[in-house]
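Here are my notes for your read-through. Please keep the structure open and check each point against it.

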Amino acid sequence: MALLEVENLQTHFRTPGGINRAVDGVSFHVNEGETLAIVGESGCGKSVTSMSLMRLIPEPPGRIAGSIRFAGRDLLKLSDREMRAIRGNDISMIFQEPMTSLNPVLTVGRQIRETLMIHQGLDKQAAEAHAVEMLTLVGIPEPKRRVGEYPHQLSGGMRQRVMIAVALACNPKLLIADEPTTALDVTIQAQILKLMLDLKRRVGAAIILITHDLGVVAEIAERVMVMYAGRKVEEAPVAELFRSPRHPYTQGLLGAVPKLGSSLAGTATRLAEIPGQVPDLRKPITGCVFAGRCALATDLCRQYAPGLEEKGPRHIAACHYAAKGAIAA
Amino acid sequence: MSVPLLQVNDLKKHFPINKGLFGRQTEFVYAVDGVSFEIARGETLSLVGESGCGKSTVGRAILRLFEITSGQVILDGQRIDDAAPGTMRQMRRRVQVVFQDPFSSLNPRMRVRDILAEPIRNFGLAKSAEDLEVRVTSLMDTVRLPREALNRRPHEFSGGQRQRIGIARALAAEPELIVCDEAVSALDVSVKAQIVNLLQDLQREFGLALLFISHDLAIVEHMTHRVAVMYLGKIVELAPRREIFAAPRHPYTKALLSAVPLPEPGAQRNPIILKGDVPSPINPPKGCRFHTRCPFVFDRCRTEEPTLRATGPEQWVACHLEEAAPAVSG
Ligand SMILES: Nc1ncnc2c1ncn2[C@@H]1O[C@H](COP(=O)(O)OP(=O)(O)OP(=O)(O)O)[C@@H](O)[C@H]1O
Ligand SMILES: Nc1ncnc2c1ncn2[C@@H]1O[C@H](COP(=O)(O)OP(=O)(O)OP(=O)(O)O)[C@@H](O)[C@H]1O
Ligand code: SF4
Ligand code: SF4
Ligand SMILES: [Mg+2]
Ligand SMILES: [Mg+2]
């Protein structure tokens with residue numbers, strides 16, 4: 001059953017240069033116990049989408065429209081108070097830049113403790129003990145001492161793990177993880193991914209995972225949504241997407257992934273780029289959003305925006321020329 | 001032999017931490033505890049290792065963002081760890097940094113235009129107002145940000161876009177060495193490729209040197225000349241790219257490389273799972289610092305600390321299993 005259903009989400013920002021349509025009509029769902037990965041070019045609207053789900057977009061200059069149904073309730077219709085009760089409790093988020101979400105003047109122990117006291121109703125002592133336990137779980141050595149430290153005394157990856165500890169502390173039903181492991185080495189990354197999967201197993205939580213690391217996507221996601229310039233351009237189960245990406249942007253993206261060991265084999269070559277730039281989202285876009293960079297673009301593409309169409313088993317893409325049906329691997 | 005661009009000799013940085021309520025007894029975080037390496041002009045040295053092992057601290061010591069505990073940092077033959085402010089000013093242009101956390105390193109009140117113009121003005125690099133404008137706009141092109149974004153402030157950008165502003169700011173000073181602390185981690189593969197290709201072009205054209213701190217081992221493998229693997233404040237292996245990735249020697253390096261997730265769903269890997277206590281830099285274990293988790297630990301590891309030994313022409317490893325090799329000083 002769908003735990004979260006997002007329909008026609010539009011998050012726009014008023015800027016001096018015009019309205020920035022950062023997210024422009026995105027629909028998707030996440031089932032209970034499911035992991036959905038969101039991937040796409042830097043600036044395509046992934047963080048804005050997730051901040052919209054949490055209703056953490058500053059309004060103004062931002063404005064959110066559409067509907068976000070979580071466990072049957074439309075989050076956009078809730079009062080601020082009701083929303084606060086959901087945030088951190090039912091839905092929690094791991095933010096992309098830890099320093100922006102941790103309070104620099106409070107010790108990390110206090111930050112975890114307060115979350116636990118507010119949302120779980122624990123007393124101070126129990127919260128303190130649980131905070132230490134959470135830091136142990138995310139692999140921070142000497143947690144008893146670390147609870148007394150301030151964010152600037154920690155390494156980048158430790159801060160990220162503190163934030164993960166805060167997010168996991170209350171066993172949320174939906175965990176939104178925005179680049180949760182970019183500051184972590186691969187061994188600790190594996191440990192954190194395992195914690196997220198444990199949460200899923202234990203409380204049937206759903207996970208929205210935003211990442212540029214396609215290795216992590218391959219490892220833990222069940223379904224993948226690809227965004228480009230504020231829209232969803234493709235969506236498919238993970239194996240299907242990696243095996244037969246249909247949208248030219250997705251094909252470019254997967255083609256650009258450097259693989260460990262690949263440059264040792266031959267002479268080092270340049271990494272593959274997708275040439276060109278994303279369109280200016282403050283100007284209306286007629287036609288396909290990817291047309292300016294697509295090698296296959298025709299007049300049809302420049303005139304008419306392609307709709308999301310079924311291209312394969314549970315596989316949709318927005319491209320006039322994307323192949324339909326099963327593709328032999 | 002020519003002088004290396006950067007020499008770091010036995011660098012130590014111990015952060016004091018307060019113990020007890022009144023902060024009287026002081027203990028230390030042995031964040032960096034005796035690290036030595038060199039970087040040649042036009043070379044990329046990557047610094048990899050576990051989160052918290054001291055990589056950013058090494059980078060910040062080179063930039064002299066704090067006073068180091070002991071050791072030397074030598075740029076182009078001149079010591080900079082104790083240089084006077086006048087000398088330091090010139091050095092500051094020559095060594096730039098891209099910080100790990102872009103948001104906190106950009107002034108939220110400044111527009112991108114001013115963020116980029118600041119180093120150009122400070123170091124007197126522009127010949128005229130027009131030249132300044134040309135430089136600023138071409139930096140935007142270089143990091144693939146639209147020119148109209150020059151008038152925006154940091155909070156109006158996505159994480160990856162902010163990271164690119166940080167990269168543009170570092171490039172603005174026309175440095176000889178850039179400390180890239182997770183500089184491309186927040187970027188999607190295509191933008192990452194653009195920036196990495198650009199850095200490599202600058203390296204070929206102008207001999208730009210890079211200290212590349214990263215957890216992204218596929219990118220490291222692609223672009224680096226040599227790799228230093230750190231564990232708990234020390235370098236445990238230092239070797240050219242090919243040796244590190246094709247034939248790693250140190251047990252920690254082996255475990256690290258085996259844990260990289262592959263971009264293929266269902267791909268089979270056999271990661272070496274490290275068990276045992278993760279030690280802390282406040283109380284580093286006696287003997288080999290890796291002994292609490294090493295799959296090959298034996299008695300001697302618990303008492304005697306292994307030194308970095310040459311195991312090949314340019315390969316150094318700190319592990320008792322590499323016993324046969326002669327020890328190197330430093
Ligand atoms: N407060 C704001 N005011 C104006 N524009 C904004 C604001 N916040 C975000 N944007 C714009 O919205 C767009 C989408 O940003 P978002 O942070 O969602 O990107 P992203 O997909 O998360 O990228 P990244 O991978 O780099 O983190 C960007 O073009 C950004 O400039
Ligand atoms: N200002 C400070 N005061 C006290 N301790 C500090 C300070 N800065 C760093 N440390 C400690 O020094 C150690 C090394 O931190 P550093 O930031 O260098 O790690 P890192 O290797 O960059 O890790 P990451 O990969 O997570 O960014 C950590 O234990 C950290 O807590
Ligand atoms: S619709 Fe046309 S321009 Fe858009 S992705 Fe498909 S082929 Fe390319
Ligand atoms: S010295 Fe001993 S504990 Fe340390 S890495 Fe070598 S075998 Fe392992
Ligand atoms: Mg983002
Ligand atoms: Mg760091």
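Buried here means under 20% relative accessible area, exposed means over 50%, and partly exposed is in between. One caution first: this is a predicted model.

1. **K232(A).** Start with this lysine in strand 10 (residues 231–237) of chain A. Its relative accessible area is 10%, so K232(A) is buried. Beyond its neighbours within four places in sequence, K232(A) has a list of contacts. They are V26(A), S27(A), F28(A), M225(A), V226(A), M227(A), L308(A), I316(A) and A318(A). P180(A) is 52 residues from K232(A) along the chain, and their C-alpha atoms are 22 Å apart.

2. **K200(A).** Here is another lysine to look at, this one in helix 8 of chain A. K200(A) has 16% relative accessibility and counts as buried. Setting aside residues up to four places away in sequence, K200(A) touches G33(A), E34(A), T35(A), A205(A), I207(A) and E222(A).

3. **The magnesium site.** Which residues coordinate the magnesium ion (ligand 5)? They are S47(A), through OG, and Q96(A), through OE1, at 2.0 to 2.2 Å. S47(A) sits in helix 1 (residues 46–53) of chain A, and Q96(A) in the loop between strand 6 (91–94) and helix 3 (98–101) of chain A, so the pair ties together parts that are 49 residues apart in sequence. S47(A) is partly exposed, with a relative accessible area of 23%. Q96(A) has 16% relative accessibility and counts as buried.

4. **S52(A).** Helix 1 of chain A also holds S52(A). Is S52(A) buried or exposed? Its relative accessible area is 0%, so S52(A) is buried. Leaving out neighbours within four places in sequence, S52(A) is in contact with L9(A), T11(A), I57(A), I64(A) and I68(A).

5. **A323(A).** Look at the segment after strand 12 (315–317) of chain A, where A323(A) lies. A323(A) is partly exposed, at a relative accessible area of 41%. The C-alpha atoms of A323(A) and K311(A) are 6.8 Å apart, and the two are twelve residues apart along the chain.

6. **A helix pair in chain A.** Two packed helices are described by the angle between their axes and the distance between the axes. Helix 7 (residues 156–168) and helix 8 (residues 186–203) of chain A have axes that come within 12 Å and cross at roughly 5°. That makes helix 7 of chain A roughly parallel to helix 8 of chain A. From helix 7 of chain A come R161(A), I164(A) and L168(A), which meet I188(A), I192(A), L195(A) and L199(A) in helix 8 of chain A. By class, the residues of this contact are six nonpolar, no polar and one charged.

7. **A helix pair in chain B.** Now turn to helix 6 (residues 159–172) and helix 7 (residues 189–206) of chain B. Their axes are 12 Å apart, at an angle of about 10°. So helix 6 of chain B is roughly parallel to helix 7 of chain B. R164(B), I167(B) and L171(B) in helix 6 of chain B meet V191(B), I195(B), L198(B) and L202(B) in helix 7 of chain B. This contact divides into six nonpolar, no polar and one charged residues.

8. **Buried faces in chain B.** Which residues of helix 2 (residues 85–94) of chain B are buried? They are M88(B), M91(B), R93(B) and R94(B). Their cover includes strand 4 (70–75), strand 5 (78–79), strand 6 (95–98) and strand 7 (177–181) of chain B. In helix 4 (residues 112–122) of chain B, V112(B), I115(B), L116(B), A117(B), P119(B) and I120(B) are buried. These residues pack against helix 5 (129–142) and helix 6 of chain B. Just after helix 4 of chain B, G124(B) takes a positive phi of about 55°.

9. **The interface.** The size of an interface is often given as the accessible area lost when the parts come together. Between chain B and chain A about 5100 Å² is buried, and carbon and sulfur atoms give 56% of that area. V189(B), P263(B) and P265(B) supply 12% of the area that chain B buries against chain A, more than any other three residues. In contact terms, 66 residues of chain B meet 60 residues of chain A.

Key:
Residues numbered from 1 in each chain as written. Chains lettered and ligands numbered in written order. Predicted model: local features only at pLDDT ≥ 70, side-chain atom pairs only at ≥ 80, totals over all residues. Heavy atoms only, no water. Donors = N, O, S within 2.8 Å, 3.2 Å for Na, K, Ca; no water. Helix = DSSP H or I, 4+ residues; strand = E, 2+ residues; numbered from the N terminus. Buried < 20%, exposed > 50% of the residue type's maximum accessible area, 1.4 Å probe, protein only. Axes fitted to C-alpha atoms, helices over the stretch in contact; angles between N-to-C directions. Parallel < 35°, antiparallel > 145°, perpendicular 65-115°, else oblique. Contact = heavy atoms within 4.5 Å. Nonpolar A, V, L, I, M, F, W, Y, C, P; charged D, E, K, R; others polar. Buried area = accessible area lost by both parts, 1.4 Å probe.
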